[in-house]
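Open the model in your viewer and keep the selection tool at hand. The tour goes from stop to stop and says what to select at each one.

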Amino acid sequence: MFTDRHVHTPFCLHGSSDALENYVKFAIESGLEGITFTEHAPLPMEDPLPDKDSAMKTEDVEAYLAAVQELALKYQDVIKIDAGFELDYIEGKEPVTIAFLEKYPACIPHSILSVHFVQVNPDEYFCVDLDRDSFTQKGEEIGFETLYTLYEKTVQKALALPYGKLTPKKIGHINLIHKFQKAYTVKDPIDWKKLLDTVKANGYILDYNFAGIDKPDYGKTYPDAEMMAYAKNIGLAYEMGSDAHAAHEVARYFDTALHLEEASYTEEV
Ligand SMILES: [Zn+2]
Ligand SMILES: [Zn+2]
């Protein structure tokens with residue numbers, strides 16, 4: 001029995017308009033024992049994206065939590081439902097994020113800390129997962145290796161308890177920088193083993209995220225199989241998440257992952 005611990009809702013404006021209850025129903029049909037909603041928390045800065053749709057609006061947070069709470073009660077005998085956030089680690093905006101987390105301490109154990117934005121200069125935060133064109137354009141402009149190294153440094157900061165005791169200690173899709181990797185060539189400068197060692201050393205766990213399988217320029221899980229093998233070797237814990245932005249995406253590929261694990265287990269034996 002699985003729990004899907006990375007699920008979005010209509011409260012962020014870049015997903016589907018599927019009702020929260022439809023996500024719950026799909027989770028039940030998929031045989032899950034739990035579902036954790038992790039809507040994008042409001043950004044601690046003005047949204048740099050053209051459509052300003054990266055995250056939930058501050059005025060919607062209470063309604064989001066109330067909606068999850070209502071479903072948790074309604075379905076309490078059928079499935080466990082929790083409310084968390086997917087928080088953006090935004091370098092330089094830590095105090096704003098701390099103030100947000102102080103308001104919602106009960107959500108922290110169910111939350112994910114992700115890097116979607118890197119600070120390319122004091123006034124510019126670049127979104128690494130928006131689309132292929134903006135990524136390749138930025139890579140050609142500043143160099144793909146520079147962009148990767150910037151991402152690595154930002155993830156290292158996210159892994160260094162940037163919000164002290166309030167830090168959600170689960171790192172989201174740690175290699176999101178690979179999302180458009182088939183669209184360009186780069187000699188990956190990131191020391192992934194070192195990053196995974198840091199995850200472990202600092203007491204974080206991994207968001208084992210299945211959204212990447214559906215991305216045409218990537219096609220794998222985050223982290224990929226090789227990183228997961230290393231993570232398991234060093235005893236790093238992980239939690240599975242579909243990163244669903246539509247109800248039918250809940251628990252996507254969870255079965256495949258299970259079969260792969262059984263296969264690798266058989267091989268080891
Ligand atoms: Zn999203
Ligand atoms: Zn994310």
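Is K52 buried, partly exposed or exposed? K52 counts as partly exposed, because its relative accessibility is 43% and the classes are buried for under 20% relative accessible area, exposed for over 50% and partly exposed in between (1.4 Å probe, protein chains only).

Before going on, note that this is a predicted model, in which local features need pLDDT of at least 70, side-chain atom pairs count only at pLDDT 80 or more, and totals for chains, interfaces and linings use all residues. Residues are numbered from 1 along each chain as its sequence is written, chains are lettered from A and ligands numbered from 1 in the order in which they are written, and side-chain values use heavy atoms, with hydrogens and water left out.

**Stop 1: the whole chain**

Show the protein chain as a cartoon. It has eight helices and nine strands; these are DSSP runs numbered from the N terminus, helices being H or I with at least four residues and strands E with at least two. The radius of gyration is 18 Å, close to the 18 Å that the globule rule gives for 269 residues, so the chain is as compact as a globular protein of that length. That radius is taken over C-alpha atoms, and the rule is 2.2 Å times the number of residues to the power 0.38. Along its principal axes, the C-alpha trace spans about 50 × 50 × 35 Å. Of the 269 residues, 52% are buried.

**Stop 2: the zinc ion (ligand 1)**

Select the zinc ion (ligand 1) and the residues H14, H40 and H245. Each of these three gives its NE2 atom as a donor, at 1.9 to 2.0 Å from the ion. Donors are N, O and S atoms within 2.8 Å of the metal (3.2 Å for Na, K and Ca); water is not among the atoms, so sites may look incomplete. Along the chain the donors follow the spacing H-x25-H-x204-H. H14, in the loop between β1 (3–7) and α1 (20–29), and H245, in the loop between β9 (238–241) and α8 (254–268), are 231 residues apart. H14 is partly exposed, with a relative accessible area of 33%, whereas H245 is buried at 19%.

**Stop 3: the zinc ion (ligand 2)**

How many Å separate the zinc ion (ligand 2) from the zinc ion (ligand 1)? The separation is 5.6 Å. Select E86, H116 and H173 next: the zinc ion (ligand 2) is coordinated by OE of E86 and by NE2 of H116 and H173, at 2.1 to 2.3 Å. The spacing of these donors is E-x29-H-x56-H. E86 belongs to strand β3 (residues 80–88), while H173 sits 87 residues away in the loop between β7 (170–171) and α6 (192–201). Both E86 and H173 are buried.

**Stop 4: backbone angles**

Most residues other than glycine have a negative phi, and most peptide bonds are trans. Go back to K52, in the loop between β2 (34–40) and α2 (61–74). Its phi is positive, about 50°, although K52 is not a glycine. L161 also has a positive phi, near 50°. Look for L161 in the loop between α5 (144–158) and β7; with a relative accessible area of 36%, L161 is partly exposed.

Last, select Y222 and P223. The peptide bond from Y222 to P223 is cis, with omega near -15°. P223 lies in the loop between β8 (205–209) and α7 (225–233).
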